[in-house]
Amino acid sequence: MIHAVVQLFLLILLAGSAYLFLIRVPSASVLGSIVRVVVIQLALFYPIYRFATSDAEREVASAASTLTADEQNALRRKRVFSDIVKGAIFIFFVVFTLRAPGAAPVQFMILSLFLLSYLCYFQCFNHAAKRLMKEKG
């Protein structure tokens, strides 16, 4: 449920930023930016999918009631590492956005990549988690 609310919020942000971008920038620039965003997002899909799948596998594995203390500690370390990576990516996008030139197409691309990357992560995580839970019964 939380992921669905976050995904809806990300979609609203993406639609709002696209609307503002369309108002401020000539249409030729809009098409070029959208094409670049789609190409970059396609290149990022597989790493995001692998990361989300590993997170889903870890979360499904941690739901087992027969884990030993060592297994729980290993899963906790993996969770902390994953959270650090997600935080680092968030900080990267914030700094990159603040340091980017004031050109609207560049800022739109950065914001769109950020929103689409996190949206893709949540979608892949949900898909992998549902598949893993169905397999476990």
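**Helix packing and burial**

Analyst: α2 passes α3 in a left-handed crossing. A crossing is left-handed if the near helix is turned anticlockwise from the far one by less than a right angle, and right-handed if clockwise. Helices here are DSSP runs of H or I with at least four residues, numbered from the N terminus. This is a predicted model, where local features need pLDDT of at least 70 and side-chain atom pairs pLDDT 80 or more, while totals for chains, interfaces and linings use all residues. Residues are numbered from 1 along each chain as its sequence is written, and side-chain values use heavy atoms, without hydrogens and water.

User: At what angle do α2 and α3 pack, and which residues meet?

Analyst: The angle is about 150°, with the axes 10 Å apart. Axes are lines fitted to C-alpha atoms, for helices over the stretch in contact, and angles run from 0 to 180 degrees between N-to-C directions. F51, D55, R58, E59, A61 and S62 in α2 meet L75, K78, R79, S82, V85 and K86 in α3. Contact means heavy atoms within 4.5 Å. By class, this contact has four nonpolar, two polar and six charged residues. Ala, Val, Leu, Ile, Met, Phe, Trp, Tyr, Cys and Pro count as nonpolar, Asp, Glu, Lys and Arg as charged, and the others, Gly among them, as polar.

User: Why is α2 called roughly parallel to α4?

Analyst: Helix α2 (residues 27–62) and helix α4 (residues 104–136) pack at about 30°, axes 6 Å apart. Angles under 35 degrees count as roughly parallel, over 145 as roughly antiparallel, 65 to 115 as roughly perpendicular and the rest as oblique. So α2 is roughly parallel to α4. Their crossing is right-handed. The contact of α2 with α4 has 24 nonpolar, six polar and six charged residues.

User: What makes α3 roughly antiparallel to α4?

Analyst: Their axes cross at roughly 165° and come within 9 Å. That angle therefore makes α3 roughly antiparallel to α4. The crossing of α3 and α4 is left-handed. K86, I89, F90, F93, F96 and T97 of α3 make the contact with Q107, I110, L113, F114, S117, Y118 and Y121 of α4. The classes are nine nonpolar, three polar and one charged.

User: How do you know whether Q41, V60 and S27 are buried or exposed?

Analyst: By relative accessible area: buried means under 20%, exposed over 50%, partly exposed in between (1.4 Å probe, protein chains only). Q41 has 12%, so Q41 is buried. V60 has 14%, so V60 is buried too. S27 has 64%, so S27 is exposed.

User: Which residues touch the most other members of the largest nonpolar core?

Analyst: L10, A56, Y121 and F125, out of 24 residues. A nonpolar core is a set of buried Ala, Val, Leu, Ile, Met, Phe, Trp, Tyr and Cys residues joined through side-chain atoms within 4.5 Å. α1 (2–24), α2 and α4 each give two or more residues to this core. The largest share, 15 residues, comes from α4. Leaving aside neighbours within four places in sequence, A56 is in contact with F125, A128, A129 and L132.
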